[in-house]
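This report describes a two-chain model in terms of fold, interface and selected local features. The structure is shown first.

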Amino acid sequence: MNPSVVWRYGRPALVLLIAGLAVGVPLWLVLVTSAKPQAEAIKPNLDLPAHWQPGSNYEDAVGQGEMLRGLLNSLLVVVPSVLLVLILGAGAAWVFARRKSKLVSAAYALCISGLLLPPAVITIVMELRQLGLAGTRPGMIAVYTGMYLSTSIFFMTGFIRAIPMELEEAARIDGARPFRIFARIVLPLLRPVIATATIMVMLYAWSDIFYAFFVLGGGDRATLPLGLYKVASAQLYLNNWHLVFAYVVVMSLPMVAVFLVGQRKIVSGITSGAVK
Amino acid sequence: MADTVVRSARKQASAQGAPKGVGRLPRAAVHHPWWFALPAIVVFAGFFLVPNLLNFYYPFTDWSSYHPDIAFTGLDNFKTIADDGTLVRAIRTTLLYALLAAVFQNGFGLGLALLLEGDSRFNRFFRAVFFLPVLISALATGYVFQALLDQDGAVNSVLGTDVPWLGSTTWTLVVVTLIHGWKWMGLSMLIYLAGLKGIPDDMLEAARMDGAGPWRTFWSVRWPMLAPALTFNVTTALIGSMNTFDIVQATTGGGPAASTEVFNIYMFRIFGQGLYAQASAMSLVLFLVVVAVAIPLVIGLRRREQLL
């Protein structure tokens, strides 16, 4: 048979097969298990629940996992972190993109070093303790902001360099001061890259558990992933896969929703930022 | 253009009655003042650079939860982790993890990108499907695969086998890196797709006119043109997976017999025991390993881009 014919009909079949096995099976497992009673979920399998009880599982996950508090805690650290990363990053990127001197280049190189270097999580704890910020939301926000500033500065600097200087000059002729030019001209032009940076920082910060462990711990301020960890660690003793997966579904929904709403922008933003 | 700038600056000064000193500052300083960058620099320096600098001091102390004072102890912590074998094991495990994870993530990502290259409704839908794992938290991913791969798990129950997927001291690391590759393949796929889209059509046309088949076209035209995407993907995958924690913690917790104990798992465990300085020592080693891998990698890949 002609190879191009094989490709024409084989490719969609192959895509369906891979998608079914690689994404369909795990997704199916999560959804059916989250609807099973505990006795059926002890040994996870792909069977449909003999007895459906999604309602009470999700209710338990929300109640026992203290989900609403976790959700609020997550929002209270992720949203300010994202805003700070964007605003501080944009201000710095503007200066780095427009000014040319050895000092500016050095400052830029230093500020994007976080793209490669790992955060020193142990001494972060030490520093936060000395500042009285250990276990607090401002401490967590500061850590996330410091970690992701490099990414936003890197992407935004590249983006601003591609914006013609004339736009700013025109406003300057009209008598606009730097702050006004930044707020009225540079920030609006940055919209596409802001969309990308937002989704990337949200992706990492929303699902982060490692740094949250060290900074926030498991107390009152525990974020959603910490809550999931708690529910799942109890799993060793209680075998509550049904609750773990109900938790996973609820916790993942906000990110999936954000993606579905902004899909086109996110996809084009991620791709245009990376390959330059 | 320079002329307009000068005139506009003067006009601005006269229109706003700016203070006298402004005229003598360089134009750049007036138009793009430093203080716009200052907050970012302060936060980044304060919460990223300073901890990394402190990380060059505390590994040489006896900082722990057992006594209130911190004293300088030289290389004791490094001796401890070197003598009990954890240092070499953590370096080897992490490097192997990063290498395998990067290979799988890029292999899957490139494969999917080539499968879903055309811009049809079908392809757009399945790109979103394969991006789904990127949106799910890594911890949740780990739990899903634990339920799948446990000895009592779903895979064994479907296949009717009894394989300890997560219980082998040799192969479990490979299984966990496969999961890592699965989680991030959607991101690599998008970046490879962008790279493929950036290849000019007439270049592919020319290859076809010269009689190149799909195989030849891939290796002679597409693969070299994908160099920037490959650089980005390989770098982020390698560096990112050296910082891995969630997936390993959720699937194996570092086991069996510490065969998947990467740096961050070790730090987490030892920090929990109150041995802060020892954890900090491992953190310093991670820093040095990342630097030792990242710098030659970035330079090498950049050079490769220029050669191709």
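In chain B, among contacts between residues at least 6 apart in sequence, 71% join residues at least 24 apart; two residues are in contact if their C-beta atoms, placed from the backbone, lie within 7 Å. For chain A, residues 24 or more positions apart account for 73% of the contacts with a separation of 6 or more.

This is a predicted model, in which local features need pLDDT of at least 70 and side-chain atom pairs count only at pLDDT 80 or more, while totals for chains, interfaces and linings use all residues. Residues are numbered from 1 along each chain as its sequence is written, and chains are lettered from A and ligands numbered from 1 in the order in which they are written.

**Overall dimensions**

The table sets out the two chains. Helices (H or I, at least four residues) and strands (E, at least two) are DSSP runs, numbered from the N terminus. A residue is buried if 20 or more other C-beta atoms lie within 10 Å of its own, exposed if 12 or fewer, and partly exposed in between, with C-beta atoms placed from the backbone. The radius of gyration is taken over C-alpha atoms, and the globule rule is 2.2 Å times the number of residues to the power 0.38.

| Property | Chain A | Chain B |
|---|---|---|
| Secondary structure | chain A: 13 helices, zero strands | chain B: 15 helices, zero strands |
| Radius of gyration | chain A: 23 Å | chain B: 26 Å |
| Buried residues | chain A: 46% of 276 | chain B: 41% of 308 |

**Interface**

The contact between the chains takes 74 residues from chain A and 77 residues from chain B. On the side of chain A that touches chain B, helix H13 (residues 241-274) of chain A gives the most, with 14 residues. By class, that side of chain A has 53 nonpolar, 14 polar and seven charged residues. Here Ala, Val, Leu, Ile, Met, Phe, Trp, Tyr, Cys and Pro count as nonpolar, Asp, Glu, Lys and Arg as charged, and the others, Gly among them, as polar.

**Helix H14 of chain B**

Eight of the 10 residues of helix H14 (residues 263-272) of chain B are buried, among them B:Phe263, B:Tyr266 and B:Phe271. Their cover includes helix H6 (121-131) and helix H11 (210-215) of chain A, together with helix H5 (86-115), helix H13 (246-251) and helix H15 (276-307) of chain B. B:Gly274, with a positive phi near 90°, follows H14(B).

**Helix H7 of chain A**

Helix H7 (residues 137-161) of chain A has 25 residues and reaches 35 Å from its first C-alpha to its last, close to the expected 36 Å; the expected span is 1.5 Å times one less than the number of residues. H7(A) bends by about 40° at A:Tyr148, the bend being the angle between axes fitted to the seven residues ending there and the seven starting there. Because 21 of its 25 residues are buried, H7(A) is largely enclosed by the rest of the structure.

**Two residues of chain A**

A:Gly218 lies in the loop between H11 and helix H12 (224-238) of chain A. A:Gly218 has 13 other C-beta atoms within 10 Å, so this residue is partly exposed. Not counting residues up to four places away in sequence, A:Gly218 touches A:Leu226 and A:Lys230.

A:Tyr229 is in helix H12 of chain A and counts as buried, with 21 C-beta neighbours inside 10 Å. With residues up to four places away left out, A:Tyr229 touches A:Ile209 and B:Leu139.
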